[in-house]
Every structure is written in structure tokens, then in C-alpha cells.
Amino acid sequence: MEAGLWTAGLEPEKDLVFPACPDNPDMRESVSLWFFEDNGRFAAPRMGIEAEASCWDDRLYQGNFAAEGGRVLIGPGKGAAPSAIDANGQPTIIGAGPVTFQCIEPFRRWTARFDGTAADGHVSEQIARTLDPQKRSPLIFEIDMEMAVPPWGQIVSGDDAEAGFMGVGYRFEQLFRARGTVELDGERREISGTGLRIHRQSVRQLEGFTGHCWQSALFPDGRAFGYIAYPPRDDGTPSYNEGYIWDGKRMVAARVADAPWLRRIAPEGLDVSLVLESELGLTRIKGTTTLSTFRVGNPDIGGLNLQQSGVLYEWDGQQAYGMIERSAHESLTTIG
């Protein structure tokens with residue numbers, strides 16, 4: 001594969017991290033991942049870091065984990081930042097508290113680790129807002145990610161306020177295959193699966209954000225898809241809607257023609273099938289939620305309910321676990 005395809009036109013240095021706190025107090029760097037074990041037993045429906053210049057040494061992290069049977073382990077918090085500089089003098093490390101990411105080779109290989117505790121309960125408790133934050137379990141999760149699809153990126157200017165909800169600057173996501181270990185309940189076992197890595201350096205403002213739908217997956221034959229869309233605008237003008245289909249050799253621009261907007265909140269089994277429109281025609285992909293996590297009733301994000309979950313997708317007879325993140329105002333959603 002051509003080297004340029006693996007960088008989406010960005011210099012390899014763009015996949016390194018800020019070596020020190022940016023001068024702009026509104027600048028932030030975000031690194032996150034979604035991981036799904038091939039057998040459906042365990043997932044990380046978003047583990048990430050939000051390093052904001054205004055609080056560079058006390059940064060936000062998130063550790064969402066889900067296991068079969070509806071078990072969730074939720075470990076958000078704020079933590080100190082390690083040095084970004086590795087043994088070779090390069091800025092490859094970003095961390096906060098129990099979460100650490102490292103770029104081993106730009107756009108090719110990263111590692112990730114969570115070594116801490118998380119609130120231990122059931123997804124139904126999250127939905128009912130009864131999850132006990134004091135009932136905690138230790139968890140160690142670490143994976144070595146090998147990128148399997150070129151990055152799909154957005155370079156956002158300040159001219160489009162809606163696209164700017166993703167951040168004015170640059171953002172890209174990249175699907176991967178991974179191997180590693182998880183240690184939970186005193187048992188350490190090997191895991192393998194697929195996932196999505198996101199890297200962003202941007203100024204991001206969420207005022208006015210009304211919701212979104214975001215899905216992606218990597219299939220056994222190497223094909224993949226991804227998109228992000230915002231809900232239709234009240235005035236009828238087009239809202240942000242951008243995506244891709246990777247056919248194994250090339251990236252085909254796409255848009256979602258039928259998206260599963262968040263309207264119902266339930267632990268699992270929701271239909272989140274989608275239709276993508278591209279030069280290939282209409283691509284129909286079936287999906288059913290599993291390994292779910294939720295945030296219900298969020299005054300800090302304008303009353304939006306948020307789902308960050310796994311999905312069992314089916315495309316032309318193939319199955320694969322992938323991700324969905326979607327949000328909508330609580331007035332638009334029902335529970336159960």
C-alpha cells in the first residue's frame with residue numbers, strides 16, 4: 001500500500017503528541033479507543049484522554065468497559081500527566097491517571113493500558129442512574145494495536161460551526177486489530193479483537209450541540225466502514241454527514257442515508273442497522289447492540305443522553321463487532 005494512503009495526507013509527525021502544554025488555553029489533545037473482543041466476551045466502549053491546555057497537568061480520562069451478561073466497569077476521573085517524551089526523545093506518550101497510550105510507529109502501531117479501578121455493576125443500573133461509584137473492582141487492560149485501515153480524517157476550519165463540534169483543527173480515526181490481556185476478578189487472560197483509534201488536536205466547543213450518530217467496524221475480509229452524522233436541522237438545510245467505505249484497497253467517500261438515531265435506551269438488542277450511500281450504490285449493514293454503556297441525564301452536556309456501546313454487525317454474510325456512539329436530548333428518548 002502506498003505510504004501516503006496510510007497517513008491520509010498528513011505528515012507522520014501528526015500522529016505524535018504535543019511535547020508540552022500548548023500556548024492556546026483552549027487547545028486540547030484527545031486520544032481514545034474502542035475495542036471489542038472477537039468472541040464478544042469483553043469490550044472497551046471508549047477509553048480515552050482529554051488533555052486540555054487550561055488544565056494540562058490534571059486532565060480528564062475515561063475508562064468504559066463492558067463484559068458479557070450486561071456487566072459494566074466505569075472508571076472516569078482526572079489524573080496527572082506523564083512526560084510525553086519517550087526513551088528516544090520523541091513525544092509519543094500521552095496519559096492521565098491509570099490510562100496510558102503510546103505511539104510506536106505513526107499510523108501503524110500504538111499501545112494502550114488501563115491499570116486502575118472502576119465502578120462495577122450492570123448496564124441496567126447505569127440506565128436507572130443507580131450505579132454505585134463506591135463499589136469498585138481492579139482492572140488491568142492492555143493491548144497492542146496494529147492499524148488495519150488507513151486513517152479517515154477531518155481537517156476542520158472555523159467556518160463551519162457544526163463541523164466544528166468535532167474541533168477546529170484536525171481529527172482522524174483508524175480501525176485496527178489488536179492483541180493483549182485483561183486482568184479482572186483475579187484472572188488474567190489473553191484477548192484479541194478489533195477496534196477504533198481516534199487522535200485529535202483541536203479547539204472544540206460543544207455549545208449548541210444537539211446530538212449525533214457515529215458507527216464503524218472492521219470485517220474479517222478486511223472491508224470496513226465508518227461515518228459521523230448530526231441530526232437533521234430544523235430549517236431543512238443539510239447537517240454534517242460524512243463517512244467512508246474501505247473496500248480493502250481504496251477509501252470510498254460515503255454518507256449515511258439511513259442512520260439509527262438514539263430514540264430508545266435499553267441494555268442490548270436494539271436494531272442499529274444503517275444504509276450508506278456512495279459511488280458503490282446503497283450499502284446496507286445490519287447491526288444489533290451489545291456490550292452497552294450509557295450516560296443518562298447529563299446536565300454537563302445540555303441534557304443529552306449518551307450511548308457508547310458495541311454492535312454485532314452483519315455485512316454480506318460476514319459478522320464483526322464494532323462501535324456505536326450516539327446522543328440525543330432526553331426529551332427525544334424513551335427508557336426500556
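**Stop 1: the rings.** This is a predicted model, and it holds 13 aromatic pairs. Select Phe 35 and Phe 141. Their ring centres lie 5.7 Å apart and their planes meet at 50°, so this pair is tilted. The two residues come from distant parts of the chain: Phe 35 is in strand β1 (residues 27-37) and Phe 141 is in strand β9, 106 residues apart. Phe 35 is buried, at 0% relative accessibility. Phe 141 is buried as well, with a relative accessible area of 0%.

Phe 42 sits in strand β2 (residues 42-52), 99 residues from Phe 141. At 2% relative accessibility, Phe 42 counts as buried.

Now widen the selection. Which residues do ring pairs link into a cluster? Phe 35, Phe 42, Phe 65, Phe 114 and Phe 141.

**Stop 2: Ile 140.** Stay in strand β9 (residues 136-147) and pick Ile 140. Is Ile 140 buried or partly exposed? Ile 140 has a relative accessible area of 22%, so it is partly exposed, because buried means under 20%. Beyond its sequence neighbours, its contacts include Arg 113, Phe 114 and Val 182. Next, find the C-alpha atom of Gln 126. That atom is 22 Å from the C-alpha of Ile 140, though the residues are 14 apart along the chain.

**Stop 3: Arg 197.** Go to strand β12 (residues 187-203) and select Arg 197. Arg 197 is buried, at 1% relative accessibility. What does its side chain touch? Asp 15 makes a polar contact with it, side chain to side chain, at 3.0 Å. Gln 174 makes another through its own side chain, at 2.7 Å. Other residues in contact with Arg 197 include Trp 110, Met 147 and Phe 172.

**Stop 4: strand β21.** Colour residues 318-329. In this strand, 10 of the 12 residues are buried. Strand β20 (residues 304-315) pairs with β21 over 12 bridges, antiparallel. The two form a hairpin with 2 residues between them, and Asp 316 in the turn has a positive phi of about 50°. Trp 315 stands opposite Gln 318. Strand β13 (residues 211-218) also runs antiparallel to β21, joined by 6 bridges. There, Ser 216 has Met 323 as its bridge partner.

**Stop 5: charges over rings.** Return to Trp 315. The charged end of Arg 223 sits over its ring, 4.4 Å from the centre. Finish at Trp 214, where Arg 171 lies over the face at 5.2 Å from the ring centre.

Key
Residues are numbered from 1 along each chain as its sequence is written. This is a predicted model: local features need pLDDT of at least 70, side-chain atom pairs count only at pLDDT 80 or more; totals for chains, interfaces and linings use all residues. Side-chain values use heavy atoms; hydrogens and water are left out. Helices (H or I, at least four residues) and strands (E, at least two) are DSSP runs, numbered from the N terminus. Buried means under 20% relative accessible area, exposed over 50%, partly exposed in between (1.4 Å probe, protein chains only). A polar contact is a pair of N or O atoms within 3.5 Å; within protein, one must be able to donate a hydrogen and the other to accept it, and residues adjacent in sequence count only if both atoms are side-chain atoms. Contact means heavy atoms within 4.5 Å. Two strands pair if DSSP finds at least two bridges between them. Rings of Phe, Tyr and Trp (its six-membered ring) pair if their centres lie within 6.5 Å; planes under 30 degrees apart count as stacked, over 60 as edge-to-face and the rest as tilted. A charge sits over a ring if NZ of Lys or CZ of Arg is within 6 Å of the ring centre and within 35 degrees of the ring normal. Lists of a residue's contacts leave out its neighbours within four places in sequence.
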